[in-house]
Amino acid sequence: MKYDFTTLPERYGHDAIAVDLPTEGKGHFEGVTIKEGFDVIPMWVADMNFVCLPDIQQRIHERVDHPTFGYFNNRKEYYDSIIRWQKNRHGVTDLEPKHIGYENGVLGGVISALNVMCSKGDNVLLHSPTYVGFTGSIENNGYNIVHSPLYRDEEGVWRMDYEDMEKKIVDHKIHAAVICNPHNPCGRVWTKEELLKCMEIFERHHVYVVADEIWSDLMINGSQHVTVQSVNEYAKYHTVGMYAPSKTFNLAGLIGSYHIIYNDWLRERVEKESSLSHYNSQNVLSMYGLIGAYSENGEQWVDELNQVLSNNVNYAVDFIENNFKGCTLAKPQGTYMLYLHCEDFCKERNMDMDTLLHKGWEVGVFWQDGRPFHDPYAIRINLALPTERVKEAFDRLYENIFR
Ligand SMILES: Cc1ncc(COP(=O)(O)O)c(C=O)c1O
C-alpha cells in the first residue's frame, strides 16, 4: 500500500469529539467511567481514525501561505475536480458545472431540498432504520417523517418493502422521499433494479427525491455504487443528489458538501432555499481541501481505504458470527458501519441495552447506541480504524461481555 492506514493518529488535544467525549464522560457518555488499563477505542461518531491524504494538507498549506483571504468564488478547478471524481468513481458523464452547487453540509442541503418539495407539516418518506441526523433535521424543520421499514430477507439482506412504500405514499399524500444510498446504518448499496422499482412508484405518485449519497465512495468488498439520478430520466430530473468529500476523506471539520441537480427549475429553487440563511458559503481552505481530495492520488487513497475497510468488515462480521451468540447483523456492502441486533443476547442474559452498552464503554470500546436509529436492540459500530485497533476492540468485547 502506498498510504498509511496502520498508524493511529493522535487525536487527543486535536479537536476530535470521537475521543474527547468518551474521555471527558460527556454527551452520550455522561457518567461513564473507563476501567483501569483500558484506553479509548472510538467506534461511534461517523469519522475515521486514519491519517488523512497528504495532498489535502498540501493544497491547504499552499493556499495558507498566500497572505490574502478575501471574498472569493469557487475556482474552475473545484468544479473540474468534482466532475472528474463523479465520472471516474461513479460513471457520471453528463455533469456540468452549472449542475453543482455548494452546500455547507449534506443535512442542510437535504432540508433546502425538502423546503422546495414540501410545505411545513407535510409527510416525508424515509426508510427505517433511519440515520439520526435525518430524524433531527427533518423534524426540527417542521416535516413529519413516515417510515417504511426495511426488512431482512431469508439471506439476511436488507430489502425495501415496495408495497409498504407505495401504500404509505398514497395514504399519507407524500410527495417527497429521502433515499440514503448507501444506507446508513444498514450498509446496503442499492442496486439499479432496486432504485428503478422505487422510481416507478415515485413517478406514479409524483414524488420528488432527495438522494443522500455522502457514503457513495466507501465500497466494501468491491461493491459498485449506482447514483440514484443515473437510473432513469424521471430520477435524473426529480432528484436532488447530495455529496461530500467529508465522509470519504474524513474532512467533516473542514465543512463543505455539494448538491447535483439536473432540473433547472428544481436547482434554482433549492439554491434559493440554501441561500436564505446567508450562511451557506464555502471556506477557501475547504475548497482547496476538496481539490486535494478529489485528485488522482485521492482515487488511489480511497481504493486502499476500501481494502482496509473491507478487511475490517470481514474480520468483524466473522468474529461476531462466531463469538457473539444471540446477536445478528447483515454484512455491509458500503459505509464503515455495522448495525448489530442484540435482542436474543439481551433476552437470554436478561440484560437491558443500557447495561450492554455500558459494559463496552467501561472497557474502552466506544460503540454507539443504535436505538435512536429505530431498532430497540441495536448497536452501531464504526470500523474506520487501523485493523489492529478493531481486533483489540472485539477481543475486549468478547472477554468482557460475550464470552
Ligand atoms: C447519511 C448521512 N448524511 C449526512 C451526514 C452528515 O453530513 P453533514 O455533516 O455534511 O451534514 C451523515 C453523517 O454521518 C450521514 O451518515
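## A tour from loop to ligand to sheet

Start by selecting Pro 182, which is in the loop between β7 (176-180) and α7 (192-204). Helices (H or I, at least four residues) and strands (E, at least two) are DSSP runs, numbered from the N terminus. This is a predicted model, where local features need pLDDT of at least 70 and side-chain atom pairs count only at pLDDT 80 or more, while totals for chains, interfaces and linings use all residues. Residues are numbered from 1 along each chain as its sequence is written, and side-chain values use heavy atoms, with hydrogens and water left out.

**Stop 1: the loop.** Show the backbone of Asn 181 and Pro 182. Their peptide bond is cis, with omega about -5°. Now move to Pro 185, also placed in the loop between β7 and α7. Asn 184 and Pro 185 are joined by a cis peptide bond too, with omega about 15°.

Stop 2: Select Lys 173, in the loop between α6 (162-171) and β7. Lys 173 is not a glycine, yet its phi is positive, near 50°.

**Stop 3: the ligand.** Which residues surround the ligand? Select Ala 46, Gly 105, Val 106, Leu 107, Tyr 131, Cys 180, Asn 184, Asp 212, Ile 214, Trp 215 and Lys 247. A residue is near a molecule if one of its heavy atoms lies within 4 Å of it. The shell divides into 7 nonpolar, 2 polar and 2 charged residues. Here Ala, Val, Leu, Ile, Met, Phe, Trp, Tyr, Cys and Pro count as nonpolar, Asp, Glu, Lys and Arg as charged, and the others, Gly among them, as polar.

Next, look at oxygen atoms of the ligand. A polar side-chain atom of Lys 247 is 2.8 Å from a ligand oxygen. For Trp 215, a polar side-chain atom lies 2.9 Å from a ligand oxygen. At Leu 107, a polar backbone atom is 3.0 Å from a ligand oxygen. A polar contact is a pair of N or O atoms within 3.5 Å.

**Stop 4: the sheet.** Select β11, β14 and β13. They form an open sheet of 3 strands in the order β11-β14-β13, with antiparallel pairing. β11 (337-341) and β13 (368-369) stand at the edges with a single partner strand each, so one side of each has no neighbour in the sheet. Two strands pair if DSSP finds at least two bridges between them. β13 and β14 (residues 378-382) run antiparallel, joined by 2 bridges. Finish at Asp 369, whose bridge partner in β14 is Ile 379.

Technical notes: A polar contact is a pair of N or O atoms within 3.5 Å; within protein, one must be able to donate a hydrogen and the other to accept it, and residues adjacent in sequence count only if both atoms are side-chain atoms.
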